[in-house]
There are 2 protein chains.
Amino acid sequence: MRAVDIIIKKREKGELTQEEINFFVQGFVKGDIPDYQVSAWAMAVLLNGMTPQETTDLTLAMVLSGRILDLTGVVDIAVDKHSSGGVGDKTTLVVLPIVAACGLPVGKMSGRGLGFSGGTLDKMESIPGYRVDLNTDEFKRQLKEKGIVLTGQSLDLAPADGKLYSLRDVTGTVPSIPLIASSIMSKKIAAGAQAIVLDVKVGNGAFMETLDMARELSALMVQIGDLAGRKTICLLSDMNQPLGHAVGNALEVKEAIDTLKGDGPADFREHCLHVSAYMLVVGKRAKDLNEGRGMAEKAIANGSAFEKFRVLVAAQGGDVSYVDDSDRMARAKFVEVVKAPCSGFLSRVDARGVGEASVALGAGRAKKSDAVDHAVGFIIHHKVGERVEQGEPLFTIHANDERKLAEARASVLSAHIIGNAIVPPLPLFYE
Amino acid sequence: MRAVDIIIKKREKGELTQEEINFFVQGFVKGDIPDYQVSAWAMAVLLNGMTPQETTDLTLAMVLSGRILDLTGVVDIAVDKHSSGGVGDKTTLVVLPIVAACGLPVGKMSGRGLGFSGGTLDKMESIPGYRVDLNTDEFKRQLKEKGIVLTGQSLDLAPADGKLYSLRDVTGTVPSIPLIASSIMSKKIAAGAQAIVLDVKVGNGAFMETLDMARELSALMVQIGDLAGRKTICLLSDMNQPLGHAVGNALEVKEAIDTLKGDGPADFREHCLHVSAYMLVVGKRAKDLNEGRGMAEKAIANGSAFEKFRVLVAAQGGDVSYVDDSDRMARAKFVEVVKAPCSGFLSRVDARGVGEASVALGAGRAKKSDAVDHAVGFIIHHKVGERVEQGEPLFTIHANDERKLAEARASVLSAHIIGNAIVPPLPLFYE
């Protein structure tokens, strides 16, 4: 078998066999197949597609490229969630404590911010001392003892995925639905998941900008899950406006804590309850969504979800006093409230525009090596469909640099569109 | 400007600007843009195409990546020819001496065999001592003094093309018409050509298997020539059966010598006279094709073309006694005449099958590093459309290995199809 023949077969729209895909992935990881062959192949895959069977074979080949976390004996059923990423998406910070408080132990490996999209690890690191580099033994022990883990992706799980992603990032081969699906699913399967709740974001602040693309990605991931013997449920949720109000690391942690305490924005709270209910069902703690939702609401109401978050932070070395008094977290030098320039109905709060402005403030990274400023970000006070009056607060900027503050003011202002016509609110979930 | 944005633009079927193409080619040659980005780009070009303007810009960017041979003062008008490669194509060995004998000085840089297709340099090296590594000064001096040069591609001309071709060869990105066109034209322009006669081969023994593809390649190369200010004429000729009778290095040199002496196969002689007439016209030695053809015929008849070949070989260090007595050239250990297994009309002599069998015998290279056996090859006695009788010689194998001889017998026999129906001969030229 020769790598070039596999590239040519895909170039000619052929369907690759499992043997061919295994050969290619193994050769890539071992270094026998050079980057320049893999990038040409990735471009052929992006432009010519892959079948669900090929995508599943690729997923499993990437799973087999490294260790597989075996959670047998640690939990009854290993449940995982994944969000395809968006702006203001701090769902994991709330959902994990809720389901853990409901008696479903959950250990999750998360990632860092990518482009305009925030990263769970960056958010959690707003809490001084919080460790995101647990090793496998620590992961298992904490999951067994505390019932909750939230750490970084272990490098020895699905290393082929990490290597392929780095290459795709610099060769224009990221937006391929089969490659995205296999990347997500390989990480979940390698991390031991038996049941997976996927939250695919749709909209201009997500990687899937259209409902059609999001549906295609969702269907493909569910098919991979089926073919790989993993119960997989996929939700499609809106990402045309930021989720909740807060965008930026410490600001989002604070909003997550508020939500765990029973406050927080209505849309975000609703989103978290919905995802939690699904997790409780696939994790067999609730017999249906209604029961799951009731359990989740109760976990917030009785304080057990918030308490689980404290347990999580303490177990991973974080300073719990920052959880108990979230005002202690890093605060930006400049806090400016920007007022609505006119009255009307909010027809748009451009999620990507807000996300990119937040990266520009320092909340995300322009380059991989950039440091993240945990304090900066925005509070977006209104949702699409709401009536705003001239002069009332539209958004608040938290910045550490006056020039960046001015830029952020202009760009987030232009991300808001206020009109005369009544606008319906955006849906939370599509399907 | 970032390389990844140029890849993405081509992935999205955008038209690259001259600045983008120059940036990409220069970055590649300097090593600033790594192979893995260039191969992803090449795959996007292969699958999404390039406009004639983009292809011309790529051609000129590759020309500017190295030295340009300036033949001003050496010749009145620098004329070059190029064949897109085939099986038994020893045209250059006959055409160059003819046109040089007609008073049109011609210096050509040729290549080695590629896959099933033979290479002019490999053929000429059948003559002991013949040098194919002239430097630029030697090239110019010999062209001025002898009026004829036939050597290898100088490494400092269009180095971007050489580097890109090596990468395309291992990444499944060879069969892209814009990339093939820019590769051919960049070499010709860098070698100083002001007028170019292109001989694009069509058929299963050529890189262009269909007339449509060959027409597309031809039209594109003529457009590049026009946009780059080079007079370019393109002929389309058949390569469904081998050209002439001989396939294999020394065997082809012998057939070329026979043809220069006024013998040789009718189809091959006709092909050479046709190409020579075009060269004499674009080189302004003949006012039209009729006159050019008359001059070419005369150069064969009066021995001046053969004499020019002797001059060429002597000038480049070759042993002329091998030209004067071509039976002195390397002979294979085994020479076996294979007879026609039945009577009928020859409906097919599969050029690619014969070409691949000749590589398997050792006349070509399976890997770049393989040595070429100059002695081995075939004499194909009949052309498509001819009547053959059972028991008469169908082809002759020249081999140095009994196992390979047996394999070649089987594969070349199956390349011949003899039927009962009368079959018209294949055309020599299509357009």
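**Stop 1: a helix in chain B**

Select α12(B): 12 of its 17 residues are buried, so the rest of the structure largely encloses it. This is a predicted model. The helix covers residues 266-282 of chain B. Check its length next. At 1.5 Å a residue it should span 24 Å, and its end C-alpha atoms lie 25 Å apart, which agrees.

Now colour the buried positions. They are B:Asp267, B:Phe268, B:His271, B:Cys272, B:Leu273, B:Val275, B:Ser276, B:Ala277, B:Tyr278, B:Met279, B:Leu280 and B:Val282. Step past the end of the helix to B:Lys284. Its phi is positive, near 60 degrees.

**Stop 2: a helix in chain A**

Move to α11(A), residues 249-260. From first C-alpha to last, this helix of 12 residues reaches 17 Å, close to the 16 Å expected at 1.5 Å a residue. Is it mostly covered or mostly uncovered? Covered: 10 of the 12 residues are buried. After the helix comes A:Gly262, with a positive phi near 100 degrees.

**Stop 3: aromatic pairs**

Show the rings. Over all chains, the count of aromatic pairs is four. Select A:Phe116 and A:Phe207, a tilted pair with 5.3 Å between centres and 35 degrees between planes. A:Phe116 is buried at 10% relative accessible area, whereas A:Phe207 is partly exposed at 34%.

Next, select B:Phe24 and B:Trp41. This pair is tilted too, with 5.0 Å centre to centre and 35 degrees between the planes. It links helix α2 (residues 18-30) of chain B, which holds B:Phe24, to helix α3 (residues 35-48) of chain B, which holds B:Trp41. The two residues are 17 apart. Both B:Phe24 and B:Trp41 are buried.

**Stop 4: charges over rings**

Stay in chain B. Which ring has the charged end of B:Lys163 over it? That of B:Phe28, with 4.6 Å to the ring centre. Then select B:Arg387 and B:Phe345. The charged end of B:Arg387 sits over the ring of B:Phe345, 5.1 Å from its centre.

**Stop 5: a sheet in chain A**

Switch to chain A and show strands. Three of them form an open antiparallel sheet, ordered β10-β8-β12. The edges are β10 (387-388) and β12 (416-419), each pairing on one side only. Between β8 (residues 344-349) and β10(A), the antiparallel pairing runs over two bridges. Zoom in on A:Phe345: opposite it, in β10(A), stands A:Arg387.

**Stop 6: the two copies**

Zoom out to both chains. A rotation of 179 degrees, with 0.0 Å of shift along its axis, superposes chain B on chain A at an RMSD of 0.0 Å. The two copies are thus related as by a two-fold rotation axis. Where does chain B come nearest to that axis, by C-alpha? At B:Tyr36, 1.8 Å from it.

**Last stop: confidence**

Colour chain A by pLDDT. The average is 94, and 100% of the residues score at least 70. For the complex, the predictor gives an ipTM of 0.84 and a pTM of 0.86.

How values were computed:
Residues are numbered from 1 along each chain as its sequence is written. Chains are lettered from A and ligands numbered from 1 in the order in which they are written. This is a predicted model: local features need pLDDT of at least 70, side-chain atom pairs count only at pLDDT 80 or more; totals for chains, interfaces and linings use all residues. Side-chain values use heavy atoms; hydrogens and water are left out. pLDDT is the predictor's confidence in each residue, from 0 to 100. Helices (H or I, at least four residues) and strands (E, at least two) are DSSP runs, numbered from the N terminus. The expected span of a helix is 1.5 Å times one less than its number of residues. Buried means under 20% relative accessible area, exposed over 50%, partly exposed in between (1.4 Å probe, protein chains only). Rings of Phe, Tyr and Trp (its six-membered ring) pair if their centres lie within 6.5 Å; planes under 30 degrees apart count as stacked, over 60 as edge-to-face and the rest as tilted. A charge sits over a ring if NZ of Lys or CZ of Arg is within 6 Å of the ring centre and within 35 degrees of the ring normal. Two strands pair if DSSP finds at least two bridges between them. Copies are superposed by least squares on the C-alpha atoms of residues with pLDDT of at least 70 in both.
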